[in-house]
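This briefing goes through one protein model, topic by topic. Please look at the sequence and the structure before reading on.

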Amino acid sequence: MKYGFRVFLVSLFVFPYFIGWAQSVIKLYDFYPNELEKGAFGIRAELNSNSTALTATFQNKRLTGGFINDAEKDAMLSRANQTNSTGSMTEAAAFMSFKPSKILDAENSKFSFLFLLSDRRIQNAYFTDQMLDIFLNGNRSFAGQTAYMSPFYQTNIGYQSFRFMSNMEVNDKVNVGFGVSLINGEQLQNIDASTLNLFTSEFGDTLILEGMGTIIISDTSNVGFLKNNGIGGAFSGYINLNINIIPNLNIPAQLYFEVRDLGWVNWSSRTETYRFDTTYLFDGIEYENIFDDGSFVDDRPIEDRIEEVSELTVGSRNAMLPAEFQLRLRQEFEKYFFEMGTSYFLNSNFSAYIHGSAYRKLNDQWSLGLESNYGGYGRFDLGVGMNYQSEHVGLILGSRSMSGWVNPDKWAGQSFYFQMHWLW
Amino acid sequence: MQIRAIQLMLIFTVLQSCQIGKDDAYWNIDTLTPLAKSTVTLQQAFGDSIFTTDPNNALSLTYSSELFEFELDTLLSIPDTSTEEFFRLPIGAITLTPGQVFLADTQETSYDLQDIQLSFAIIRSGTIRFELTSTLGEQSVFLYEFAGASKNGQPIRISDTVAAGSASEPVSVIQEIDMSGVVLDLTGPDGNSFNQIFGIYQAFIDPGGNAVQITSSDFFRMKIEYLELVPDYIRGYLGNQTFNLEGTEEQVEIFPELISGNIRFEEIDLEFLVDNELGADVSFSINRFEGVNTTSGQKETLSGSIIGSNNNLNRAFEPNGATNGFESFTSSINVNDNNSNLPDFLSVLPDRISYDIGLNINPLGNISGGNDFVYYGSGAAIRANLNIPLNAAITSVLIMDTTEFTWDSTNDESINPIQGGLIWLNYKNFYPLEITAQAYLLDEQNEILDSLFLTPQSILPANIFSGNKVSVPYVGRISSTLNKARIQHLRNTKNLLIRTTFNTRPTGTTRTIYEDYKLDLRLVGDLSYEVRF
């Protein structure tokens, strides 16, 4: 318990500052106690990180610090396609669920209830290879050319949710769940640049930045863990169907569909929204007369000039949460179980993610498995998983993407998930 | 600062705002960034107001300076004067009855103005101070009337009383009269004198008092002082006076930014404009006119027909009658490369001129019959007007300037984002001049820490393909390497000493400078920059 709590704290405070990406490993349905148990409580942490261009080395050095050398930059540029994505999702949570039929005087109740408190941070970006080149190498190699850096989308959102859900056992083949969440919006940074081109003249005496888009930043004076910069709500729901898909097998398959965090946050009245649609030429600070000290025509810093060419509004703003959709099919056998599925995040620069896994039941308590997946923020990847379940204690541990650990200089996928729960 | 700003723009640092409390990943990027720009012209270096253009837009440099001014206070200074009148019995005693006059006379104050004979004056400022002292045992009354003096058309009369005193305790009364605006007839009681102020006075026992006995120990004294009289206008004969005026014009800003070198101008025109505001004839001669370049130490004395020759100037006149204003007489003397060594004189780029000018008032004597005049603030002045067509052969002309410099507002050595690279100066030179530049980095004590360029770098001249005018600029660039040592020196730099040398090419070739010539400069950073993310 003490160890688990430490892990929880570490998850809560450290993981959110890790970047990278993937999707929720554990289904909401899995948080409920099974038919034999009264209830459950537990902690969980999840980290998923991936990119089609950035490498794990880069991601890790963002966490630990360190110099990115030319070879490491070249590795990222060689991975990059014309358009690329990167993303990370971290989640730390504590939950408690119970079955009224077991602990209350409601023997006929078909409901179970779940309280889930979680901290979630999602960072993602969609960028061109030339944007990456500018980012890693600067604009010097673009002398006399235009660097096409759009489309460029980037989102950094952090929020905490208090979720209440109910599971209803419709019959022995159908379970449905639905619930609502109260969302505390902690921070939001969003860039949506449909046009972003940078021309560098041959000798560097002129830069022309052509841009069109929007930047949204939540209150920058109120930054930190659990700070409130917005309030919102979300809906989550699922349906789990037990269906027989293999003849002569008396273990039904589970077809599962889930929507998680379909909702929004109303960010506070101090939220800044910059809209820009301009072509900005910068050719240096102009000195009207170099023989006259201080004869600047315009010595404002470029940050001020950029502010001038954008339209700033300060006020509350609604923004959709990155809602997650999952579809899974799971089939158990006597000694194995298999799962395949797909998932997608809304508003997250996410490409469709497909995955498949196979687990071997070692005994009544232990099972080990392998997973392969493709999409999301990365490409093809492999993972491993382990489940332990005793009478009162459960442990889920694994990784959906290990490529970044195997070869961090070339690949990016890094994933870790952990859950520990207690049943009674 | 700007480099950082560009970096911010490029990498969208919004991304890193969430990275709190951890070590950064960092790497180097190579940026090509405009830093500063300016268009430099000779008009800026010398000041726009001193340039004119001809119909072909060729520039001429004009310079005008008053060499000296000879005013009334040099010509005439009225000294302070003091006179006293006494009443005292030589022996014995007498009784004075009320109303009895015991002192009455005229009082003349004559000024010794040497050869100057003034008959009329209007006083601009000054004071007359009366001091009356009495030991008489009864109150006395004193009256004074200026003869031939008036103020606002009214005669000037002064009266005062002196209380009874004693030999042991004399009583004094002081009265001061403001003389500003007083009109004075200076011809004395007979009307045929000069420089004389004349008054009539009397003293008597107060008619309402008592008879009083006075002895030889009693006295009544009247002291009159004329203090700090400044005339607003004078008329008379100003005398035949000779002045030898030697002087130095310390700051001759013909070429204010030029330190040294040689410019061989052509078709220069120097005009000495002489203005005589005196109501008297004047003659003058320029005996010596020397230009000095205090930086290089070079000197050149103007020679030619103007030096030592006598020049006569007619007197100013009063078109609306006396005291109603005047019109001066103006004469000019032209000096050019045909009648002098003016090109040589200017080729040393003088910043100081010393001169010796002789001036003679009324060289022919009193030919006006005593009707010379001078108004306050007027005199005689010589102004030099110089017109220099910028058609010259320029050799090693040096311009230096020191300007404040700050590397970064924070100057925090722990923040060292620039790893090295080049600073480029891209230029378009429309001038047919080669400009060689170097900048020195100076510390707080103005000691040289480093130079911006390893060796002075040259901005090459525009070529003249046809005619006499540049049609296509020379486009080029020069660079300075920024290494760690130089960056550190830049951090410690407080001032930049910029040293620029100009030459027409080929050496000694005369080139005409046109109004539309310019030098476009663009400073570009080609820098390796450390990004933290």
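Eight bridges join β25(B) to strand β31 (residues 495-504) of chain B, and the two strands run antiparallel. Strands here (E, at least two residues) and helices (H or I, at least four residues) are DSSP runs, numbered from the N terminus, and two strands pair if DSSP finds at least two bridges between them. This is a predicted model, in which local features need pLDDT of at least 70 and side-chain atom pairs count only at pLDDT 80 or more, while totals for chains, interfaces and linings use all residues. Residues are numbered from 1 along each chain as its sequence is written, chains are lettered from A and ligands numbered from 1 in the order in which they are written, and side-chain values use heavy atoms, with hydrogens and water left out.

- The peptide bond between Arg505(B) and Pro506(B) is cis, with omega about -10°.

**Strand β26 of chain B**

- Nine of the twelve residues of β26 (residues 418-429) of chain B are buried, so this strand is largely enclosed by the rest of the structure. Buried means under 20% relative accessible area, exposed over 50%, and partly exposed in between (1.4 Å probe, protein chains only).
- β26(B) is joined by eleven bridges to strand β33 (residues 519-532) of chain B, which runs antiparallel to it; Lys428(B) has Asp520(B) as its bridge partner there.
- Nine bridges link β26(B) to strand β30 (residues 474-482) of chain B, also antiparallel, and Ile423(B) stands opposite Ser480(B).

**An open sheet in chain B**

- Five strands of chain B form an open sheet in the order β2-β3-β24-β17-β21, with antiparallel pairing.
- Which strands stand at the edges? They are β2 (51-53) and β21 (329-336) of chain B; each has a single partner strand, so one side of each is left without a neighbour in the sheet.
- Neighbouring strands of this sheet are turned by 25° against each other on average, direction ignored. Axes are lines fitted to C-alpha atoms, for helices over the stretch in contact, and angles run from 0 to 180 degrees between N-to-C directions.
- Strand β17 (residues 269-276) of chain B and β21(B) are joined by eight bridges, and Phe272(B) stands opposite Ile333(B).

**Nonpolar cores**

- The largest nonpolar core has 116 residues, and Phe272(B) is among the members that touch the most others, as are Phe70(B), Tyr144(B), Phe146(B), Leu346(B) and Ile361(B). Such a core is a set of buried Ala, Val, Leu, Ile, Met, Phe, Trp, Tyr and Cys residues joined through side-chain atoms within 4.5 Å.
- A second, separate core of 43 residues includes Phe152(A), Phe276(A), Trp27(B) and Leu35(B).

**Two helices of chain A**

- The axes of helix α3 (residues 70-79) and helix α5 (residues 129-137) of chain A come within 10 Å and cross at roughly 175°.
- α3(A) and α5(A) are therefore roughly antiparallel to each other. Angles under 35 degrees count as roughly parallel, over 145 as roughly antiparallel, 65 to 115 as roughly perpendicular and the rest as oblique.
- The contact (heavy atoms within 4.5 Å) involves Lys73(A), Met76(A) and Leu77(A) of α3(A), and residues of α5(A) including Leu132(A) and Leu136(A).
- Both Leu132(A) and Leu136(A) are among the buried residues of α5(A).

**Backbone exceptions**

- Most residues other than glycine have a negative phi, and most peptide bonds are trans.
- Asn195(B) is not a glycine but has a positive phi of about 60°; Asn195(B) is buried, with a relative accessible area of 7%.
- Asn362(B), also not a glycine, has a positive phi of about 50° and is buried at a relative accessible area of 0%.
- The peptide bond from Ser150(A) to Pro151(A) is cis, with omega near 5°.
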